Amino acid sequence: ATVPLRVALYAEGPWSEPVDFTFYDASKPPMLTNLSSVYGTLAGGETLTISGSNFAPTFGTLFCRFGPNENAPLVPADFESVRRVSCQVPPATEPATVELFVTTNGIDFGGGERYPLSYTYYDPRSPATVGRIEPRYGHHSVATAVTIHGSNFAPTGADLQVRWGRLGVSQATFVSSNVVLAKSILPDVDTLSESVPLQVTHSGRFPALVPPQDTWDPYGLFTYYQPYMPPGLSSASPLTGRCAVGGRELLDVRTKDKKEVSKYSLVDVTGFNFVPAPMLSCVYQHVGGSSGFSSVDAYESFMPAEFRRHDYVRCPIPEVLFADDGFSGTRVMSLSVTNDGVTYRYSRTRFTYFGNCLPTTFTTYMFGALCALGLLFLSFCVCVCIWRSQVLRNVRDDLVNRSRDFSPLHDEEDEEAGTMAVGAIGKAESNDDGVLLVTVVEAANLEERGAAYAADPFVTLDAGGKKQ
């Protein structure tokens, strides 16, 4: 407390004029409760009145410090009472929110009694900027509380506002020079997905036009989406790439395995209902190949997608070494997008790898097996031909060696048929009926033995009473 103090040489007086004398607890630093102003320009110079307790006129050691560390600006304080001091705000080089402290001994500094008391520097000639927001997306029909990170924010009351693109303006709640809070404005009921750029002002004024789409920073966008609907694809480009092209590593969103992807190429995908969720990924799916074996070489890759807008993402291209089969020399994979790493639409979009694609192990094995089967079949055919030739040769020799007579016979119906009877003994295994088969080429043997009708292409063999 501060009380008046009078001094006298004698008890009966006379007494001096009163002066203020302050009682305080020297073992404790001051405690702060209120500031006369909480923001100002970078130039400083404003007189700031600080309310609190345990202040004392300790001349030479009563200071205000603008910042938590020892290197923060330190300025002398003017004692007004045990509950109030004042000091001049020092200049700053950049917008910032700093915590305020007061000391009575130059060593121990006291801050806010119940919560930190802060002073914010800002540049009124420069606009506030948005760096990133949390969360970056929300339900299209339910308002979302959003934390906006940026710079040059100031607690200017009703003039601190947020613009949600074409949707409108809402009030912002100041937290610090780098953080404000706001609640999203809902789009039309017919809008299921949309991205809007967020802008913050400390002056209550915005530029006349919303920034053009090609200047949007993905980290400064808020995206409305339908959480119960997987993303849809409209187009993708490019849709071809070479095998065995990598250069950088990414983690598969689902398996967390490291996978090689193309260092320079990305697929630009357009569609709808994309959101910058942690599991946003491009799904490359391959089941079997053009060989038709659907259960062979199944493959899925969930590569983290680069979010641009609700209708535009960019997909890394995973490295692929093997072709679908040994004939096409290519590999075809379906491409889709998922927000949650689980749910995605069946897509007709196909990405094709070509050039330098190797055959799969399965293809190599199958090709080897088919070659082996082909060789076996060819060997079998050769053996059959050799066997058949040998059998025919044996039959021919048997016919020649076993012939007994060549007396001409005359058909009862055709006296001039000119048939020649050949006596021969056939082998039972030659035919089911024990009949030996004689081809036209064997007629030369008959000619050698003086058969007059050897040139006739029809030869009848009478064996066992049956004519063939």
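In the predicted model, the secondary structure of the protein chain comprises two helices and 34 strands. The chain has 468 residues, and 38% of them are buried. Its accessible surface is about 26600 Å². Carbon and sulfur atoms contribute 56% of that surface. Among contacts with a separation of 6 or more, 65% join residues 24 or more positions apart.

The mean pLDDT is 82, and 77% of residues reach 70 or more. Over residues 404-432 the pLDDT is below 50. This stretch still has 42 contacts in the model beyond near neighbours in sequence. Residues 461-468 also stay under 50 in pLDDT. For them the model has 15 contacts beyond four places in sequence. Where pLDDT is low, predicted coordinates should not be read in detail.

Nonpolar side chains were examined next. In soluble globular proteins, such side chains tend to be buried together. The largest nonpolar core holds 24 residues. Within this core, V267, V269, Y284, V313, C315, L335 and Y353 touch the most other members.

L358 is placed in the loop between β30 (350-354) and α1 (361-402). L358 counts as partly exposed because its relative accessibility is 45%, between the limits of 20% for buried and 50% for exposed.

Charged pairs were then considered. Side chains of opposite charge can pair when their charged atoms come close. The model contains eight salt bridges. One of them joins the side chains of E194 and R166, at 2.7 Å from N to O. E194 belongs to strand β19 (residues 194-201), whereas R166 sits in the loop between β15 (161-164) and β16 (169-171). The pair therefore ties together parts that are 28 residues apart in sequence. E194 is buried, with a relative accessible area of 11%.

A salt bridge also links the side chains of K259 and D252, at 3.1 Å from N to O. K259 is buried at 17% relative accessible area. D252 has 1% relative accessibility, so D252 counts as buried. The side chains of D311 and R309 meet in a further salt bridge, at 3.0 Å from N to O. R309 has a relative accessible area of 18% and is buried.

S37 lies in the loop between β3 (31-35) and β4 (39-41). Although placed in a loop, S37 is buried, with a relative accessible area of 15%. Leaving aside residues up to four places away in sequence, S37 touches E46, L48 and Y119. S37 and T120 are 83 residues apart in sequence. In space, the C-alpha atoms of S37 and T120 are 9.3 Å apart.

Conventions:
Residues numbered from 1 in each chain as written. Predicted model: local features only at pLDDT ≥ 70, side-chain atom pairs only at ≥ 80, totals over all residues. Heavy atoms only, no water. Helix = DSSP H or I, 4+ residues; strand = E, 2+ residues; numbered from the N terminus. Buried < 20%, exposed > 50% of the residue type's maximum accessible area, 1.4 Å probe, protein only. Contact = heavy atoms within 4.5 Å. Areas by Shrake-Rupley, 256 points an atom, 1.4 Å probe, with all protein chains shown as cover. Core = buried A, V, L, I, M, F, W, Y, C linked by side-chain atoms within 4.5 Å. pLDDT = per-residue confidence, 0-100. Salt bridge = Lys/Arg side-chain N within 4 Å of Asp/Glu carboxyl O.
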